[in-house]
Amino acid sequence: MYATTKENDADSPFKTGDRTMKNRLISATLYVVILLAFYFLKLFVHDFLFDVLIYAFALIGTFEILRATHDKTTKPQRVLVWIFSIICIPMVAVSEYFFRYGLHVMSVCFFFLVFALFSLLVVRHEETTAENIGVSLFSAVYPTVMLTLLVLANHIGAGSETAKALALDSRLAILLIFVISPCSDAVAFVFGMLLKKYLPRKMAPTISPNKTVIGAVGGLVGGMLGALAVYFVYNSLLGSFANMQIWLPIYLAAGLLAAAATEFGDLVESCIKRKAGIKDMGKIMPGHGGVLDRIDGTLFATAAVYLVFVVIHLAL
């Protein structure tokens, strides 16, 4: 007549919540371990080994985004996006490492993708529309084109003597990207959890109802704290504390910009999933979802950090 205690426990939302939190913790731990492993391989073996991780992100992310947009694209379009994803990252990595032409190669690859997709208007005109061409281009940009910026960041050279003295190279760029973004997420979560009842104003209620303005403020604080930690740890090991009054504010500004980009990326991902009618982009990371659910903010933080490095190198 009544369910047993064991059955009740199995169906309990508390048990489900505990299981979800455990899965999230395990997935997050594995993700950090993988990042650290590839970062150390980059430091002590070769930069190309970190490109391997980026390539995996691109391929898995392409699978996830094409699955999410499957009903809005045609098979030939998906094949072209796959071809672009498969060849773009390796070609950008090789050309950037040997010739510093990575951005040019990415542009050429993307041009040929655009040309091929537009050609379908002629050769497959009955099933090809402006809308599904647009969705296909979006599926190529997010994530592959955006990940090419991570490849470029992975091959940033020191440049001038000042940049060499301060170790302003790819080691720092990658560290900033993968420290600032999770720090922003973590502190945003803490601020939201502790202060939401006092400051409940929603940041984007129609896109992501759980995100609050106070959580977003916490994310900006977390980004700057992450940049601060990188400044002291990295420069104590590899760089220099010369002209701290100049460089510390630059690090903090980079943290603020990358944190804002991270939060924007989270909203973009939420909007994509809402429009696609799905909860998660994938299932490869239990408790988190797919690769794109994990690196959504990182994609945009990469663009911010890379921009900061470009400006600094131009100024030095």
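Two elements, α6 (130-154) and α11, each put at least two residues into the lining of the second largest cavity. Helices here are DSSP runs of H or I, at least four residues, numbered from the N terminus. A cavity is a set of points on a 1 Å grid over the protein atoms alone, where a 1.4 Å probe fits but cannot get out; lining residues have an atom within 4 Å of a point.

A word on the source. This is a predicted model, where local features need pLDDT of at least 70 and side-chain atom pairs count only at pLDDT 80 or more, while totals for chains, interfaces and linings use all residues. Residues are numbered from 1 along each chain as its sequence is written, and side-chain values use heavy atoms, without hydrogens and water.

Stay with that second cavity. It holds about 30 Å³ of space; volume means the space filled by probe spheres set on the points, which are joined across faces, edges and corners. α11 gives the most to its lining, 4 residues. Among the lining residues are Phe57, Leu147, Phe178 and Thr298. Nonpolar covers Ala, Val, Leu, Ile, Met, Phe, Trp, Tyr, Cys and Pro; charged covers Asp, Glu, Lys and Arg; the others, Gly among them, are polar.

Now the largest cavity. About 70 Å³ of space lies there. Which helix gives the most to its lining? α10, with 4 residues. α8 (170-195), α10 (244-276) and α11 (291-315) each supply at least two. Trp247, Tyr251 and Phe309 are among the lining residues. That lining is 10 nonpolar, no polar and no charged.

Technical notes. On a 1 Å grid over the protein atoms alone, a cavity is a set of points where a 1.4 Å probe fits but cannot get out, and a pocket is an open set with protein on both sides within 12 Å along at least five of seven lines; lining residues have an atom within 4 Å of a point.
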